[in-house]
Amino acid sequence: MTSIPLTRTELDVRSVREDFPILRALAHGKPLIYLDNAATTQKPQVVLDRLVRYYTHENANVHRGVHLLSERATDAYEEARKTAARFLHAAETQEIIFVRGTTEAINLVAQTYGRVHVGAGDEVVITVMEHHSNIVPWQMLCDERGARLRIVPMTDEGALRIDSYEALLGDRTRIVAVTHVSNALGTVNPIRRIVEIAHARGIPVLVDGAQAVAHTAVDVQALDCDFYTFSGHKVFGPTGIGVLYGKAALLDAVPPYQGGGDMIRSVSFERTLYNVLPYKFEAGTPNIAGGVGLGAAIEYVEALGFDRIGAHERDLLAYGTRALEGIPGLRLTGTAGDKGGILSFVLDGVHPHDVGTILDREGVAIRTGHHCCQPLMARLGVPATSRASLALYNTRAEIDVLAGALAKVREVFV
Amino acid sequence: MSSALDELYQEVILDHNRRPRNFRTIEEGRHAEGYNPLCGDRLTVYLRIQGDRIQDASFQGSGCAISKASASLMTDIVKGKTIAEAEALFERFHRLITRSVEDPVDDLGKLSVFAGVRQYPARVKCASLAWHTLRAATDARNEVVSTE
Ligand SMILES: Cc1ncc(COP(=O)(O)O)c(C=O)c1O
């Protein structure tokens, strides 16, 4: 069950940890210290239970049968859509499209909205800190259309250069695509401001929220972004399910993504009429259990509350930053003023891959490599970094183990 | 350090990582670039070949300790060998780092320090990157090979 924290302001981490069965595991005989939350998060028991309950009591195809189970499955799935709409503060539930994840959401927008609006000589603006999934779909579109990809630069600390961004926008800019929180640096981008600047020129904005939704409340109406995307597995939900939010007027005006069942109103060999939102974009049998599980995950974080989660993670980030800065030869990559729980670093004379292997043997799971951000690595002038990424169940004690394990790395190599 | 870690990061490997041998280019010869997309390791292997014999071998690039030490030791060992001999050595080396724990250890001399890699499946590509690149260089394709 969802834990009820002891006070209104503090997260009861001990009880939160009990909600996540995998955190009791050992790794190489040591207690597992999971610091790879930016890659994927662990799942609380309520989500696991919800999946089992769905398959035990509700499983059927959705929107198709008149029988009892089909109604139950449809209800559960559509209830999850409402939960996601509330989570993002969408104006309407039909603005929530279930997809496989952030990657599919961005491809969907590039292939529908993008193909309608981006033509030869036009420009798509992204930033230097994007994940490959917010680069390649736009590159493919630009290649196909003879359009140009323009890149917003950043400072050495990892903050976007808003002045350069503003200067990049022109009459050929058709869309801006930007990450809310950088998976490799932790930078939190000023989305409200970015949207305002684009909207002043009539340009819509897609926000990649993959690294935001597990850590901060998101209000798409307050941000006024046109599209917002996230992956369920990064917010304690199942893999294979994610959300594309889009303003209804924009989604309505573009053609479907894939053709098939569910996305149609009527089909004849001469002509097909497409279904209404959101079904127009959900061809075929969807990931029903995934949607239902995601709904449970969202309810879980909502019950804990983002004020508490945020305060806990800020404390951990400050503590971790101090701990890591105290390690000789360690340099943090990503020190922007507004930062989420990501500790990305390079250690003098030690390749991140070796750091990862040694930490793993201490039970500490981190990610090493380019984090699907090769252009960003080129900008930073490093082939790879090591990254510890935090979530609501991490503790100061775990950071201590991380710091101790990093000291061991130095013993081996220096 | 745990014993598996000791086995992976043997002193010889750490030494070749710190002070890689043959870490230079060869102006007149063949070269090939190797790339490991998983961790971003990038190596260029340079060869001077006369007839079918490798007269000189060197490398440049950046990578983890395992891939750097492997390139360093490899370039030492293949010098003076024929291409066919180097190829045969690669096959034995590959068996050494991928064999199961029960399989008998093949004595590969200095290269035996990489026997510990077999306990780290994620690191097999690091150890074999230099060898894949060597193979590409002997084929003189002058292209980028990838471990994927
Ligand atoms: C910032 C960012 N965008 C997009 C993605 C892609 O998410 P997914 O692989 O779930 O589609 C990730 C996850 O790795 C990410 O961190």
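## Where chains A and B meet

In this predicted model, 13 residues of chain A are in contact with 25 residues of chain B. The size of an interface is often given as the accessible area lost when the parts come together. Here, chain A and chain B bury about 1,400 Å² between them, and carbon and sulfur atoms account for 56% of that area. On the chain A side, the residues that lose the most area to chain B are A:H353, A:R361 and A:V412. Put together, that trio makes up 37% of what the chain A side buries.

## What holds hands across the gap

Side chains of opposite charge can pair when their charged atoms come close. One salt bridge turns up across the interface of chain A and chain B. Its partners are B:R123 and A:D354, with their closest N and O atoms 2.7 Å apart.

Which elements give two or more residues to the side of chain A that touches chain B? They are α12 (352–361) and α14 (396–413) of chain A. The largest share of that side comes from α12(A), which supplies five residues. Sorted by class, the side of chain A that touches chain B has five nonpolar, six polar and two charged residues.

## Around the ligand

The residues around the ligand include A:T102, A:T103, A:H131, A:S133 and A:T179. Also in the group are A:N183, A:D208, A:A210, A:Q211, A:S231, A:H233 and A:K234. What classes make up this shell? It has nine polar residues, two charged ones and one nonpolar one.

Some of these neighbours come with specific distances. A polar side-chain atom of A:T103 sits 2.5 Å from an oxygen atom of the ligand, while a backbone N or O atom of A:T102 lies 3.4 Å from a ligand oxygen. For A:D208, a polar side-chain atom is 2.5 Å from a nitrogen atom of the ligand. Taken alone, the ligand exposes 400 Å², and the protein buries 84% of that.

## Salt bridges in the whole structure

Step back to the whole structure, and a search over all chains finds 32 salt bridges. One of them joins the side chains of A:R148 and A:E123, at 3.3 Å from N to O. This pair links distant parts of the chain, 25 residues apart: A:R148 belongs to strand β6 (residues 148–152) of chain A, and A:E123 to strand β5 (residues 123–127) of chain A.

Terms used
Residues are numbered from 1 along each chain as its sequence is written. Chains are lettered from A and ligands numbered from 1 in the order in which they are written. This is a predicted model: local features need pLDDT of at least 70, side-chain atom pairs count only at pLDDT 80 or more; totals for chains, interfaces and linings use all residues. Side-chain values use heavy atoms; hydrogens and water are left out. A residue is near a molecule or strand if one of its heavy atoms lies within 4 Å of it. A polar contact is a pair of N or O atoms within 3.5 Å; within protein, one must be able to donate a hydrogen and the other to accept it, and residues adjacent in sequence count only if both atoms are side-chain atoms. Accessible areas come from the Shrake-Rupley method with a 1.4 Å probe; for residues, only the protein chains shown count as cover. Ala, Val, Leu, Ile, Met, Phe, Trp, Tyr, Cys and Pro count as nonpolar, Asp, Glu, Lys and Arg as charged, and the others, Gly among them, as polar. Contact means heavy atoms within 4.5 Å. Buried area is the accessible area (1.4 Å probe) that two parts lose on being put together, summed over both. A salt bridge is a side-chain nitrogen of Lys or Arg within 4 Å of a carboxyl oxygen of Asp or Glu. Helices (H or I, at least four residues) and strands (E, at least two) are DSSP runs, numbered from the N terminus.
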